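Student: Can we go through this one? I'd like to know what the side chains are doing.

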Amino acid sequence: METRSLALKVLCLQDPAEKAAAAQHLYAQVLAGLPLDESLQIARPEGVPGRPLKPQLMSALQVPKRSPFTASGRAALLHAIAHIEFNAINLALDAVWRFADMPRQFYLDWLKVAAEEAQHFNLLHAHLQSLGHSYGDFDAHDGLWTMAERTAGDVLARMALVPRTLEARGLDATPPLQAKLARAGDMRAVEILDVILREEVGHVLIGNHWYRYLCELQGLDPVALYPDLVIRFEAPRLRPPFNRGARALAGFSQEELDYLDAWARD
């Protein structure tokens, strides 16, 4: 079997636990020498991405706000984060099969991301189960995959608007969320988010690397291009405060950080 074709098969799996295990196994296989064909053109099948029947998906505006200071609210909040991580597995696998003719390291990077996102999902789901719930018990939104569909034909836009935009929002949102969970007494959730934040910095760094690589390849200015892509692909506008320290570690330049602050003030 070939790596990118297998990534598509894993993407089409519907059961979250099965998909998480398969994503981790696929990364181990490719490190062990599984063949990888960078030039292979793969037709999109039905069933992308594979999803369980639940959770029910709706607009982000329809999903109720979740307070960590009640048992049900904290469970719903952790479910929302688990849903993000499940989608992040899908997004990483989608980049592997969909975009041909990239350097080999591109595919290795996103397979690593898929394996780490699978571990994030497993950690969150296990904690959610300790609270008496499972993935699928609460409604969820589909914002991450919506952007994947919008950028399906443009790898540069995908790198700009998924890892370094939507996933980078997690770098900003996680520390305040950890503070709330700590006040609610859920230190296990805080520990899990420590792991996720540390590894998400690496994921955003990967997105930044390949965004800049593609901009350089096409003779484009990555800073000047970014707001045009936001408008063209209807990406959500970023809101402060920004986690400047984590974003700097994730590869955002000082110019980009200053630009984000200036843009947010407009």
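Tutor: One term before anything else: a residue is buried under 20% relative accessible area, exposed over 50% and partly exposed in between, with a 1.4 Å probe and protein chains only.

Student: And what sort of model is it?

Tutor: The model is predicted, so to say: local features need pLDDT of at least 70, side-chain atom pairs count only at pLDDT 80 or more, and totals for chains, interfaces and linings use all residues. Residues are numbered from 1 along each chain as its sequence is written, and side-chain values use heavy atoms, with hydrogens and water left out.

Student: OK, charges. How many salt bridges does the structure hold?

Tutor: The structure holds 11 salt bridges, each a side-chain nitrogen of Lys or Arg within 4 Å of a carboxyl oxygen of Asp or Glu.

Student: Which residue does Arg158 form a salt bridge with?

Tutor: The partner of Arg158 is Asp94, and their closest N and O atoms are 2.9 Å apart. This pair links distant parts of the chain, with Arg158 in helix H6 and Asp94 in helix H3, 64 residues apart. Helices (H or I, at least four residues) and strands (E, at least two) are DSSP runs numbered from the N terminus.

Student: Are Arg158 and Asp94 buried or exposed?

Tutor: Arg158 and Asp94 are both buried.

Student: What about Arg212, what does that form a salt bridge with?

Tutor: Arg212 pairs with Glu256, where the closest N and O atoms are 2.4 Å apart.

Student: How accessible are Arg212 and Glu256?

Tutor: Arg212 has a relative accessible area of 26%, so Arg212 is partly exposed. Glu256 is at 7% relative accessibility and therefore counts as buried.

Student: And where does Arg244 lie?

Tutor: Arg244 forms a salt bridge with Asp258, the closest N and O atoms being 3.2 Å apart. Arg244 lies in helix H9 (residues 244–249) and Asp258 in helix H10, so the pair ties together parts 14 residues apart in sequence. Arg244 is partly exposed at a relative accessible area of 30%, and Asp258 is also partly exposed, at 39%.

Student: Switching to rings. How many aromatic pairs does the structure hold?

Tutor: There are 7 aromatic pairs in the structure. Rings of Phe, Tyr and Trp (its six-membered ring) pair if their centres lie within 6.5 Å; planes under 30 degrees apart are stacked, over 60 edge-to-face, and the rest tilted.

Student: What are the numbers for Phe86 and Phe121?

Tutor: Their ring centres are 5.9 Å apart and the planes of Phe86 and Phe121 are at 50°, so that pair is tilted. Phe86 is in helix H3 and Phe121 in helix H4 (residues 104–130), which puts the two 35 residues apart in a pair that links distant parts of the chain. Phe86 counts as buried at 2% relative accessibility, and Phe121 is buried at a relative accessible area of 1%.

Student: Then Phe121 and Tyr135, how far apart are their centres?

Tutor: The ring centres of Phe121 and Tyr135 are 5.4 Å apart with the planes at 90°, so this pair is edge-to-face. Tyr135 is in the loop between H4 and S2, 14 residues from Phe121 in helix H4. Tyr135 is buried, at a relative accessible area of 11%.

Student: Which residues do ring pairs link into a cluster?

Tutor: The cluster consists of Phe106, Tyr107, Trp110, Trp210 and Tyr213, linked by ring pairs.
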